[in-house]
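Please read the following note with the sequence and the model open side by side. It is written as a colleague's commentary for a reader new to protein structure.

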Amino acid sequence: MASSKAGRYQPLNKAGTYQPFNQAGTYQPFNQAETCNKMASSSSRIEIFLYFGGELSSDGWSVTYDQTPIAAMRIPRSSSYDQFLSKIYKKIGVDSSRFSLNVSAKHSCQYLGRIKETLIPIKDDDTLSFFTDPTTGFSLMEIFVETVEIQHDDAPQIGREALIEAVKERSLRYARREYWVPESSKTKWKVLCRHTTEAMRCRWELRGIYKPKMGRWTITKYGGDHTCILNQMSLEHGNLDRVYVASLLLGHVKCNPSYGIKHVIQTVKDHTGYDIAYQKAWYSLKMAREMVYGTWESSVQKLPKYLGALQKYNPGTIVEWQHKARDTSTGAYVIGYVFWAFKPCIEGFQHCRNLISVDETHLYTKYKHKMLIAAAMDGNQQVLPLAFAVVDEESLLSWKWFLRQLSRHIIRGRRGICLISDRHAGITRAVRECPDFVPPNGVHRYCLRHVCSNFNSKYKNVVLKDLCWRAGSEYQIRKFNRTMEEIKKQSLEAFQWLDRIDKEKWTASHDGGWRCGILTTNMSECINGVLKGARRLPLTAIAEMTFQRSVHYFRERLARSTVMLTNNQLWTDFAYKMFTRWHQNSVEHTVTKFHQFQQSASVVTRRHGGHGVNTHVVKIANRECSCGKWTQFGLPCSHARKVCAAFMINAASMVKDYYDIMTYKNTYSKSFEPVHSEDYWDVPGFELVHDPTIRISSRPGRNQTIRIYNEMDWAQRRARQQAQQRNSSTQSDVPVPGSQD
Ligand SMILES: [Zn+2]
Ligand SMILES: [Zn+2]
Ligand SMILES: [Zn+2]
């Protein structure tokens, strides 16, 4: 380095050429004749070697720098400190508003008979003039520069993660270069450009150091913008790791629990312009979910605390526990069953028809859990969730426990309840043992969709399945009989299978009006509404979701009821639509009055398609028509409307109360209170842990229950088994694309 400057500059000879040294061993600066970087010079300028971007080190005697100077320059000896600095800023290409400079100059002196090199910080005009003043005789300065990021008073305290995050963000989004980390510790983090080659060294680099006195990290070195050249735009980026991707997803995952892999890949592409592999997306999403919703294990621990908080902020919230066992070593309870219900829902049910449907759904958690849900039907024919429970499996015991809680907290002695459910062996037995659903108190009805599914999984015939649905959904016995005859013609065995089921339990025609026109549990609507995307989340997150979505239901539907009131509707949208449609249908009917006192009459209708006629008998006093629809729907059918007109009766007065607009409004008039921050939640009286025996096993074909599987379940089970086989063979729990819901 110095050879080209040999005429002006004699490199320091460490062999001790410079004599004499001070025997006393005291520190003594060189005099003018002896100093190496001091030569009598009358020049008005001073030579500067500028060192930047490298590493300074000192063994106590000599100062070394691991790189050659980035620049040699000359400045007037009369330069002020500010002029001096601005020259350096210009040379190293660093923004003076963001970085301050630590500048020091090498100075040699003699100590204990040896040459000792020291660094003198150049901080102001005085220290600068020590070197530049012509009378001191220096002709060369070796200047070492470090950049320090300027901390504004309001700047956040930068931490290690924030520093790494910022570098990653800039590298991905703006520089679009990869970096690597040669040094990483608790107090130091250093990165270099990965595109540096032998031939071309990129000057971009950055070093952050933790300053314990300041209690924060500072950037002690920054090399300036990349000088490397990218040959082509890469589609992937090596620094796009799971932690970074997960951090991008947090907001999305929190707002939308059904946020899936496809969304992850798109979000990363939108944000950074890079593609990521499915596997990386999957792990990042898992990490983001755990960051937002906790792990399975932490979440079950939090559940008692969360449900306690719900009760604290929403008095009247029902929470019931049935623990499975107690861990003798820790004293924690092993989760068995938990039931919860919100007060506004319980009170809202008072304004709904006498109908409760119950169903179960899988939770796609790491532990084998089922969720049991009870729901009512509001006056606008929409599902109102009433109660939730998490159980380990669907069994006689779990259903019995759930129905007992329903009876105690929701039904509370109300009579005439119709319970709609599937035909799971556990539930049918449990219902028989629950007095609320046994005549004369109440009845049990089967979900027609489940009956059809069971039927179809046995006979696997689409034509038969459609006939089964028709048989169950016909309102008139004669039509039911006709359909059953058709089934018998197709398959005697299928006919006998259906014939063995209690007709009043599965057909609308034999129901006697209990079902109020409801043929299925309508649970898909409920599950989609309350649990959409949540079934893959840990338990506390699921409970939170049921709370948030219930709040949402109440807010939306109360607002809807206000609109209906403003429209001067007497009834809900659903009832209004039916009432209007049946009026239009009644126009073509012809009435023959029979009995003035009983207000009975026969109505002749033109069949659609113009083939012949049908006759129906209407008895206004009994509020029934032989078509069966009035009894089921609680609204006078088209035939009844015609008869009402003939007897000059106001048909509107015969619409059931539960369709009334005020009843609907009252259903949703109670409000929820927000749950405060977790810091205010009470510590629950017990600790809860998962049951390790119901952890999902990777052995296929083990999760068998006494459930009557329908074809949907079979498909799910098959997919699960295949996935499990794949997993056990690859020793990885990464799912294959498409297996997410
Ligand atoms: Zn570079
Ligand atoms: Zn079901
Ligand atoms: Zn009718």
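1. Basis of the note. This is a predicted model, in which local features need pLDDT of at least 70 and side-chain atom pairs count only at pLDDT 80 or more, while totals for chains, interfaces and linings use all residues. Residues are numbered from 1 along each chain as its sequence is written, chains are lettered from A and ligands numbered from 1 in the order in which they are written, and side-chain values use heavy atoms, with hydrogens and water left out.

2. Cys625 belongs to strand β25 (residues 624–625) and His639 to helix α20 (residues 638–647), so the pair ties together parts that are 14 residues apart in sequence. Helices (H or I, at least four residues) and strands (E, at least two) are DSSP runs, numbered from the N terminus. Cys625 and His639 are both buried, a term that means under 20% relative accessible area, with exposed over 50% and partly exposed in between (1.4 Å probe, protein chains only).

3. The structure holds 32 salt bridges, each being a side-chain nitrogen of Lys or Arg within 4 Å of a carboxyl oxygen of Asp or Glu. In one of them, Glu146 pairs with Arg207, and the closest N and O atoms are 3.5 Å apart. Glu146 lies in strand β8 (residues 140–149) and Arg207 in strand β11 (residues 205–211), so this pair ties together parts that are 61 residues apart in sequence. Arg207 is buried at 6% relative accessibility, whereas Glu146 is partly exposed at 31%.

4. A bridge within a helix. Arg173 and Glu169 form a salt bridge (3.2 Å, N to O). Both residues lie in helix α3 (residues 160–175), four residues apart, and are therefore separated by about one helical turn. Arg173 is partly exposed at 32% relative accessibility, while Glu169 is buried at 18%.

5. A network. Salt bridges link Glu55, Glu146, Lys190, Arg201, Glu205, Arg207 and Lys221 in a network.
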